[in-house]
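Open the model in your viewer and keep the selection tool at hand. We will go from one stop to the next.

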Amino acid sequence: MSLYKTNEEVEIQRESCLLVNASITEIAKILKPGLTTLSLDTLAETFIRDNGGTPSCKGYHGFPYALCISVNDQVVHGFPGSHVLKEGDIITIDTVVSKNGFNGDSAYTFILGETTPEILQLVKVTKEALYIGIAQAVTGNRTGDIGYAIENYTYGQHGYGVIREMVGHGVGREMHEDPQVPNYGRRGSGKKLQENMVLAIEPMITMGSREIHFLDDGWTIVAADGSPAVHFEHNVCVKKGKPEILTDFSGIEQAEKLNSNLNSSYYSI
Ligand code: MF3
Ligand code: CO
């Protein structure tokens, strides 16, 4: 499996990246208290299939759903189910779509209604950390430059927990390809980045400690200290000088601002 893609392959993958974000946009439009997380999964799976894609998570090592939905202290890989969303919930939607042989993998965290200034800050900083990491995804840098930048901002400057057990990764024909892209690291360490590698960059950040544990379902990862967790993810094509983000949050962000059930006030702090 080549670590690099042709320009043609990148263009095909871009379609999957746009579809994965379009599916999260559909959720952003309708999120409100009272919905079950399972209903979001159904909606997204239908949307993905109607648009010529397949949900890569479903059946991946036995994962039963199209979406990972992780609420509050759940960090990643939460199961959609009978949980009824309520005011104040922090909801991460993480999903992977395959279309024409390539995967797009993206995650976005929403806040439902009223919350605390501390949680708004956590969401803002984690999203900023994503872009700070992405800025390092240029030819000649190494994966450790991305991890260092993310950890230095989130833990170094804000004291947040940086999850280590789960990492970013290459993404393409396979959901998870080399290289691994940890959200921590040393500058100048790790795999060298070269033009047209496509990386999933995805800080997973808690307000407290970075310790995690698994729930009994064998998938859901929660913050061991019960603190809130946030996760944003883009797919990025490594380029000289300036990385190219293949996924696109703009539709999600527009829906987030238009949906009065969602708290978008972190944009203005
Ligand atoms: N974006 C998630 C990841 O890279 C998607 C996992 S799908 C699952 O880990 F099936 F593993 F949950
Ligand atoms: Co991923």
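A residue counts as near a molecule if one of its heavy atoms lies within 4 Å of it. Keep in mind that this is a predicted model.

**Stop one: ligand 1.** Select ligand 1 and show its surroundings. Which residues come nearest? Of the 14 residues around ligand 1, they are Cys57, His77, Asp94, Asp105 and His176. Now hide the ligand and look at the space it takes. That space is the largest pocket.

**Stop two: polar contacts.** Bring ligand 1 back. Pick the side chain of Asp105. One of its N or O atoms is 2.9 Å from a nitrogen atom of ligand 1. Move to His176. Here a polar side-chain atom lies 2.8 Å from an oxygen atom of the ligand. Then try His169, where an N or O atom of the side chain is 3.3 Å from an oxygen atom of ligand 1. How much of ligand 1 does the protein bury? Taken alone, ligand 1 exposes 330 Å², and the protein buries 97% of that.

**Stop three: the cobalt ion.** Select ligand 2, the cobalt ion. Four residues coordinate the ion: Asp105 (OD), His169 (NE2), Glu202 (OE) and Glu233 (OE), at 2.2 to 2.5 Å. Along the chain, these donors follow the spacing D-x63-H-x32-E-x30-E.

Colour strand E5 (residues 102-111), which holds Asp105. Are they buried or exposed? Both Asp105 and Glu202 are buried.

Note on methods:
Residues are numbered from 1 along each chain as its sequence is written. Chains are lettered from A and ligands numbered from 1 in the order in which they are written. This is a predicted model: local features need pLDDT of at least 70, side-chain atom pairs count only at pLDDT 80 or more; totals for chains, interfaces and linings use all residues. Side-chain values use heavy atoms; hydrogens and water are left out. Donors are N, O and S atoms within 2.8 Å of the metal (3.2 Å for Na, K and Ca); water is not among the atoms, so sites may look incomplete. Helices (H or I, at least four residues) and strands (E, at least two) are DSSP runs, numbered from the N terminus. Buried means under 20% relative accessible area, exposed over 50%, partly exposed in between (1.4 Å probe, protein chains only). A polar contact is a pair of N or O atoms within 3.5 Å; within protein, one must be able to donate a hydrogen and the other to accept it, and residues adjacent in sequence count only if both atoms are side-chain atoms. Accessible areas come from the Shrake-Rupley method with a 1.4 Å probe; for residues, only the protein chains shown count as cover. On a 1 Å grid over the protein atoms alone, a cavity is a set of points where a 1.4 Å probe fits but cannot get out, and a pocket is an open set with protein on both sides within 12 Å along at least five of seven lines; lining residues have an atom within 4 Å of a point. A molecule sits in a cavity or pocket if more than half of its atoms lie within 2 Å of its grid points.
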